[in-house]
Amino acid sequence: MLRRLLSSPSTSTSTYAIFPLRRILSAAAPHISPNPSGFAVEEYLVDTCGLTRPQALKASKKLSHLRSPTKPDAVLAFLAGLGLSGADAAAVVVKDPKFLCAKVDKTLAPVVAGLAGLGLSRPEIARLVSVAHCYFRTRPIVSKTHYYLPLFGSLDNFLRALQRSPCLLSSDLGKVIKPNVVFLRECGLSDCDIVKVCIPVPRMLTTDPERVRAMVACAERLGVPRGAGMFRPALQAVAFLSEEKIAAKVDYLKNTFRWSDAQVSIALCKAPFILKKSKESLKRRSEFLFSEVGLEPVYIAHRPIFLSLSLEGRVRPRYYVLKFLKENGLVDRDLSFHTAVNRPEKFFVEKFICPHKEAAPHLAEDYAIACKGEVPTKTKNGPRKLVTAYGTT
């Protein structure tokens with residue numbers, strides 16, 4: 001009836017009636033990505049690739065030129081042959097819809113053959129596909145992987161860095177990556193050190209070499225020379241921080257911990273990572289170390305490890321254990337708080353918890369509760385000893 005109505009000869013009155021009807025029917029029609037060939041790209045992405053409708057709608061805009069499922073079918077079959085699951089393949093398509101347009105015989109197969117020649121297994125190549133996305137369908141990925149694998153020491157390390165910064169595969173090896181690596185080696189960093197810097201901050205390799213040199217100079221201005229044991233942490237601490245932000249954080253450290261210029265320099269040389277700590281975190285630590293523990297500024301400056309360890313999960317619970325043991329004559333009163341805090345967990349428990357099971361039967365339980373950031377509860381017979389140390393009633 002609608003077809004007859006829309007195609008029948010119309011008078012001027014009926015024409016005005018039909019136009020609104022056409023607009024209504026057009027608005028009610030489901031959205032299908034336009035394609036002159038009749039190939040419904042969006043439906044293919046949902047039904048065959050497993051994308052959600054919103055994902056398919058977004059991806060289809062980059063695939064409007066597809067006229068048939070021939071290429072996408074071949075790519076999906078190729079990915080399945082590598083061992084990618086349907087969900088993994090869908091994730092690749094979401095990140096890089098044009099991956100479905102890659103030529104299997106001229107692009108993907110040669111890349112896989114090249115990577116296999118480097119010693120990568122098919123499951124390892126599949127992992128690389130899931131991380132590299134669009135860069136996998138380019139030939140340079142083989143030569144770049146050949147360079148990165150020995151540098152990072154393992155595929156796992158390489159993939160971890162690649163997840164943070166796919167730009168490792170797009171940056172120029174000759175003009176950017178290799179000059180940065182050579183310079184960092186000249187600064188006394190081993191390849192292992194470079195990897196430790198670049199896995200959390202892979203931009204260290206991909207940024208302009210002049211900027212890397214500026215970061216090294218900034219680390220040196222903190223008082224940490226090249227080749228020093230703390231040079232790598234210092235470089236990580238100042239990486240991509242402006243000189244203004246570093247100066248502001250140094251001023252905040254001086255005011256918060258009552259440090260002189262010399263004392264803040266001592267602290268930063270020993271623990272440059274405190275530059276990365278938030279102001280709120282530093283303030284809470286200063287309040288605890290000054291007000292509750294009663295430490296002096298110079299003591300903290302020479303032992304900045306207090307500022308890096310978890311306050312709630314380590315520093316505070318261990319302080320209260322030590323305080324309880326001293327008050328009850330179970331350890332030497334001259335025992336250093338720094339010693340108790342700095343020791344590994346296993347050593348601390350064996351040294352300060354286990355020997356006092358009879359004298360303090362609830363100590364281990366209370367310590368475990370305190371390490372979760374909670375205050376141990378009272379028993380039926382009254383407060384436990386460690387609860388008293390926490391200052392509760």
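**Briefing: a buried glutamine, a helix pair and the cysteines**

Glutamine 263 sits in helix H17 (residues 261-270). Helices (H or I, at least four residues) are DSSP runs, numbered from the N terminus. This is a predicted model: local features need pLDDT of at least 70, side-chain atom pairs count only at pLDDT 80 or more, and totals for chains, interfaces and linings use all residues. Residues are numbered from 1 along each chain as its sequence is written, and side-chain values use heavy atoms, with hydrogens and water left out.

**Glutamine 263**
- Glutamine 263 is buried, at 18% relative accessible area. Buried means under 20%, exposed over 50% and partly exposed in between (1.4 Å probe, protein chains only).
- Setting aside neighbours within four places in sequence, glutamine 263 contacts Arg258, Val298 and Ala301. Contact means heavy atoms within 4.5 Å.

**Helices H5 and H8**
- H5 (residues 70-82) and H8 (residues 122-132) pack at about 130°, with axes 8 Å apart.
- Axes are lines fitted to C-alpha atoms over the stretch in contact, and angles run from 0 to 180 degrees between N-to-C directions.
- H5 contributes Leu79, Gly81 and Leu82, while H8 contributes Arg122, Pro123, Ile125, Ala126 and Val129.

**Cysteines**
- The disulfide count is zero, a disulfide being a pair of cysteine sulfur atoms within 2.5 Å.
- The cysteine 134 sulfur is 9.5 Å from the closest cysteine sulfur, in cysteine 167, too far for a bond.
- Cysteine 134 is partly exposed, at 29% relative accessibility.
- Cysteine 354 is also partly exposed, with a relative accessible area of 35%.

Key. Helices (H or I, at least four residues) and strands (E, at least two) are DSSP runs, numbered from the N terminus.
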